[in-house]
Amino acid sequence: MKIYVDPDKCQGHNRCYALADTLFDVDDYGLATVVGDGTVPDELVAKAELAIANCPEHAIVLLEP
Amino acid sequence: MTTTPPVRDWATDYDIFDPAYIADPFSIWDELRNECPIAHSDRFGGSWLPTRYEDVVAMAHDIEHFSSRSISVVPPGQNEDTQLTAGLPPIGVDPPVHTWSRRLLLPWFSHRAVGQAEPATRELCRSLVDGIVAAGHGDAAAGYAQQIPVRVIAVILGVPQERSDDFTGWVRDVLEFAHDAERRKRGADALIEYFIEEIGKRRENPGDDLISELLRSEVDGEPVPDDHILGTAALTLIAGVDTTWSAIGSSLWHLATHPDDRRRLVEEPDLMPIAIEELLRAYSPVTMARIVASDTEVAGCPMHEGDRVLMNFPAANRDPDAFERADEVIIDRELNRHVAFGVGIHRCAGSNLARMELRVALTEWLERIPEFHIEDPDKVTWAGGQVRGPRNVPVVIP
């Protein structure tokens, strides 16, 4: 699984970071980015799916299932 | 106190300050969603009230048609807020001013900054809990929830915590009593006068607080205008007090009246972050307003330039089309795309701070007071309007 945060959609809710702080990082302005290249280790797929489903802006994009 | 006639019909004559709406807005929204999902009322200068998640989110994102130049649910009266010539940036302005004014504010409420405020917040909660435990009873709203956010935000603004009762009073005048023009103006005037003086003091003796930082900041090579600093300082206090205290109070009221949820949180403290999102969804405190910037249509509803729209985030969060069993608190609800902090470019800048305060306040309470119940349901009081939450929740520790 590979994911990406669309910077044009992200508004800094930080829900993804709260749910999966190993997959996402947030800056001082709240903007989220994926850690590394966005590849999700198998054991964190459920967390990534949760982050995708809870983002109020639909900003987390699934690049590869 | 202004009194208004009883509501004839919620679809055409709603009043968000009506006691029935404050007591149980949920059944009113359910009825409206089925029959008239965007209601209208001529009260308080006229406004629209959407109730569906889809519509509220669409309007929040459509900043072209929905301006934030006036965000109060009741329009300001004539001669009111005349000193706030820059409005309440960033929440009360549109881009491009919104963009830079929000950037000035956000680092103060980042994950990192909020983490630094957590130990003091925990200490504060513990000392308040000590008093309630010692007494064996207390008011979870007035004696606990109400005491927390005002002190945390005072530190950020660099104003004395000893003035907390004044701050709380002014903010209540502006929000809770917005329908009482005289009281609202009195609170707003006091708050504005206070910050004019504080800004002057900070100019002479800068510190490491938000107001001092705004005074040091520049925009396009120029100092941030004074009226802008005034608006942002006033906003930070107004937005940082009543909102979070209402969320903490509603959550404690829920836990007092739902022993199963309370015991589960005591037994599974790791559930707290998920539980907080659910409590925020179910008891979202904040309704903001927008002004229609140019004629448009939402869900077949024609809206005209200048119309006021109440961004009903609380109702959106109770929409059964967006949430399964929307009318129930499911304390471990995992799929929860709620919009309690708004959505789009005006997402609450203080949401990290509010979440931290809510988590710490509930954790510290439950750690020392795992069992408690409402002393007398008739003594529980709620306030509503722009911000809904309980004002008195007297509880007893068995």
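In the hairpin formed by S12(B) and S13(B), 5 residues lie between the strands, and Gly385(B) among the residues of this hairpin takes a positive phi near 105 degrees. As the model is predicted, this angle, like every other value given here, is computed from the model. The two strands, S12 (residues 381–383) and S13 (residues 389–392) of chain B, run antiparallel to each other and are paired over 3 bridges. Within this pairing, Ala383(B) has Gly389(B) of S13(B) as its bridge partner.

The largest nonpolar core comprises 119 residues, and the members that touch the most others are Ala234(B) and Leu237(B). Helix H12 of chain B, spanning residues 226–257, contributes the largest share of this core, with 16 residues. The surroundings of Leu237(B) can be described residue by residue: once its neighbours within four places in sequence are set aside, Leu237(B) is in contact with Ile153(B), Leu157(B), Phe167(B), Val171(B) and Leu191(B).

The remaining topic is the meeting of the two chains. Here 19 residues of chain B are in contact with 15 residues of chain A. On the side of chain B that touches chain A, helix H6 (111–135) and helix H16 (351–368) each supply at least two residues. By residue class, this side of chain B consists of 8 nonpolar, 6 polar and 5 charged residues.

How values were computed. Residues are numbered from 1 along each chain as its sequence is written. Chains are lettered from A and ligands numbered from 1 in the order in which they are written. This is a predicted model: local features need pLDDT of at least 70, side-chain atom pairs count only at pLDDT 80 or more; totals for chains, interfaces and linings use all residues. Two residues are in contact if their C-beta atoms, placed from the backbone, lie within 7 Å. Helices (H or I, at least four residues) and strands (E, at least two) are DSSP runs, numbered from the N terminus. Ala, Val, Leu, Ile, Met, Phe, Trp, Tyr, Cys and Pro count as nonpolar, Asp, Glu, Lys and Arg as charged, and the others, Gly among them, as polar. A nonpolar core is a set of buried Ala, Val, Leu, Ile, Met, Phe, Trp, Tyr and Cys residues joined through C-beta atoms within 7 Å. A residue is buried if 20 or more other C-beta atoms lie within 10 Å of its own, exposed if 12 or fewer, and partly exposed in between; C-beta atoms are placed from the backbone. Two strands pair if DSSP finds at least two bridges between them.
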